[in-house]
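Here is a short report on one protein model.

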Amino acid sequence: MARLALLSVSNKTGIVELARRLQEEFNFEFISSGGTAKVLKDAGLTVAKVADYTGSPEILGGRVKTLHPRIHGGILARRDNPQDVKDLEDNQIRPIDLVVVNLYPFEETIAKDGVTLPEAVEQIDIGGPAMLRASAKNFAHLTVLCNPAQYEEYLQELRQNKGEASLEFRQKAALKGFLHTSEYDQAISSYLSNQVSDNQQSPQQFSIAGQQVQSLRYGENPHQSAAWYQTGANPSGWSAATKLQGKALSYNNLVDLEAARRIITEFTDSPAAVVLKHTNPCGVATGNTLVEAYQKAFNADSMSAFGGIVALNQPIDAATATELTKTFLECVVAPGCEDDAKEIIAAKSKLRVLILPDLQSGAKETIKVIAGGFLMQSADDFLADASKLQIVTDKKPSQKEIEELLFAWKVCKHVKSNAIVVSNQLTTLGVGAGQMNRVGAVKIALEQAGDKAKGGFLASDGFFPFDDSVKTAAEAGITGIIQPGGSLRDQDSIKAANELGLTMVLTGNRHFLH
């Protein structure tokens, strides 16, 4: 007797070829929902419509098609259970050996501009997930496929096992089905959560799901396994980037690239470059041209730049490409790359070059895993407003000095706390990152800046608890300081700045980064 397959797919890629092979090689018969049935019939294949098989028409505009005992009985029946077999016989239900289902394009729909809530709701599949879950539950007796990428693998499985799929194969396919419905439900719940205004800053429930983009050679260290996952059905962020050349990305590459992306998004008004190492910037600068910005950023700490990550806020041109090839770099990311620049960069074949047109495509939340759970917070996208800076010293900064102070503040936001940044002429000169005390971070940044600190500017991601950092900065020749303020001893720091002839502005918000 011919075996029965239920084919009901939204994404019809490869379904005709799969059905043809199943019919010709393995004597399958088919039942299908309306749209899939039409595609198969148009291809010359024999298929029964679900409505004809069940004796129940599609109703409610197609909302109810496969929710019927003849469908779910054929899927869920345990063939080694006498009562289940008798129930099938009594109700004239054929057991189903294969279910091929994929779901309405909900995520693709909500990704469109201007989509309405009713439009999104209509793309919430009901029958598809029900069949997927039922089939996956009963993997001991049938196979479920939910992705066109599985079709050829399934055919090969049948060819190698005398027309049968092994239990191991069926169980792995079932797992993919459950993962698919889990991700689908997560997308729906996330979307609906965003539609509901309940005056809560954080949702009571938060879930995350992803599809593996790439198995990575290892994690932070060779003894750690790692993989890269994409959230959502549509590639976005780094999964949407184009790699022009170079070796496969590593775990550390991706972590550093994301840190570099976050910094470069701070600069939109003029050409800017970031050189980064181990998630901390070692050089950031703006310039009149992209190549000037890169040269300034690289020269800010050329020793640390070796083997670093570079992010640019404009397409790579020939002049910048030439400079990029003068030293060893791990990765470069930019919103584009000119053709002549591609030819120049090609000389460094191992250099990973990525094009990410939308550098602003960052996550709205940050998530950290802890034992037994995770922490979620909104992204630190607070932007400093020059008009809201509090000038607290007798000496007032000029407009040019305000620009310099804000540059240092933007960079300091992306340095691991305790963080200090020294800069001048819109270029970093010294970075004190991740220190256990703020005085230590100040000393590191100033020591790195050296004589260039004279006439420069200093940013601190947190307030100064004492006036010692202000005095140290003044001794090195710093002329202006930007910091959050908020210490019980703010007046001590302000007094020291006044006595030493510095300008000081307070932002009113801190930028701790852990």
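## An enclosed strand

This is a predicted model.

Strand β9, residues 272-277, pairs with β10. The sense is antiparallel, over 6 bridges. Val275 has Gly283 of β10 as its bridge partner. The hairpin of β9 and β10 has 2 residues between the strands. There, His278 takes a positive phi near 55°.

## Cysteines

The structure holds 0 disulfides. Take Cys282: the closest cysteine sulfur is that of Cys331, 13 Å away, so the two are too far apart for a bond. The cut-off for a disulfide is sulfur atoms within 2.5 Å. Seen from Cys331, the closest cysteine sulfur is in Cys282, again at 13 Å.

Both cysteines are buried. Cys282 has 7% relative accessibility. Cys331 has 0%.

## Domain layout

The protein chain is divided into three parts: domain 1 (3-196), domain 2 (238-355) and domain 3 (386-506). The centres of domain 1 and domain 2, taken over C-alpha atoms, are 46 Å apart.

## Thr143

Thr143 lies in strand β5, residues 143-145. Is Thr143 buried or exposed? Thr143 is buried, because its relative accessible area is 2%, and buried means under 20%.

What does Thr143 contact, leaving aside neighbours within four places in sequence? The partners are Asp97, Leu98, Val99, Tyr154, Ala165, Phe169, Arg170 and Ala173.

Conventions: Residues numbered from 1 in each chain as written. Predicted model: local features only at pLDDT ≥ 70, side-chain atom pairs only at ≥ 80, totals over all residues. Heavy atoms only, no water. Domains from an automatic or database assignment. Pairing = 2+ DSSP bridges. Helix = DSSP H or I, 4+ residues; strand = E, 2+ residues; numbered from the N terminus. Buried < 20%, exposed > 50% of the residue type's maximum accessible area, 1.4 Å probe, protein only. Contact = heavy atoms within 4.5 Å.
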